[in-house]
Amino acid sequence: MKKGNPNPSEWFRIGEKELALAEAVFAKIRQKQFYDNIGAFCQQAIEKYLNGYLYFVGYKPEKTHDLDFLIRKCIEFNPEFYKYKDNCKKISGYWISPRYPIGLLDLSKAQVEEALKTAQSILKFVKAKIKS
């Protein structure tokens, strides 16, 4: 995929793969040592779906991993996204910990389950919005 690819379906495809990976690791491994990685995959899946939605509505999003920023942009186009604002703010930093040696977040099982539920809900919500 090229940088800044404006094709929403490509963003959604990658987001679905990242969520599927998070779900599989959580379902099969269920070891605390992987919770930060699962959280990162959830953050990345949400990021891809929010970016895809923004391209879908004709907005070219800035390059960022900040879910709080992306969800606020989505809210500008559809206020129904507001219901995800708080969870996106919590999950926004999950991508950093397992990728860089700056200290683990040490996510709990409850935090990972919340991230999974949020990612699943956002993906379902965005799919419904682009079909309507």
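**View 1. The N-terminal end of helix α3 is capped by D66.** A side-chain oxygen of D66 lies 3.0 Å from the backbone nitrogen of D68, a polar contact being a pair of N or O atoms within 3.5 Å, where within protein one must be able to donate a hydrogen and the other to accept it, and where residues adjacent in sequence count only if both atoms are side-chain atoms. The model is predicted, and local features need pLDDT of at least 70, side-chain atom pairs count only at pLDDT 80 or more, while totals for chains, interfaces and linings use all residues. Residues are numbered from 1 along each chain as its sequence is written, and side-chain values use heavy atoms, with hydrogens and water left out.

**View 2. Helix α3 spans residues 67–77 and has buried residues.** Helices are DSSP runs (H or I, at least four residues) numbered from the N terminus, and buried means under 20% relative accessible area, exposed over 50% and partly exposed in between, with a 1.4 Å probe and protein chains only. The buried residues of α3 are L67, D68, L70, I71, K73, C74 and I75, and what covers them includes α2 (35–56) and α4 (85–91).

**View 3. Helix α5 has 23 residues.** From its first C-alpha to its last, α5 reaches 33 Å, close to the 33 Å expected at 1.5 Å a residue, where the expected span is 1.5 Å times one less than the number of residues. Buried in α5 are V112, A115, L116, T118, A119, I122, L123, F125 and V126, and their cover includes α1, α2 and α4.

**View 4. T118 sits in helix α5 (residues 109–131).** T118 counts as buried because its relative accessibility is 5%. Leaving aside residues up to four places away in sequence, T118 touches I46, N87 and I91, a contact meaning heavy atoms within 4.5 Å.

**View 5. The largest nonpolar core holds 34 residues.** Such a core is a set of buried Ala, Val, Leu, Ile, Met, Phe, Trp, Tyr and Cys residues joined through side-chain atoms within 4.5 Å. The members that touch the most others are I38, I46, L50, F81, C88, L116 and I122. Two or more residues come from each of α1, α2, α3, α4 and α5, and α2 gives the largest share, nine residues. I38 touches A22, V25, F26, V112 and L116, when residues up to four places away in sequence are not counted.

**View 6. A20 belongs to helix α1 (residues 8–28).** With a relative accessible area of 41%, A20 is partly exposed. A20 and Q120 are 100 residues apart along the chain, and their C-alpha atoms are separated by 9.6 Å.
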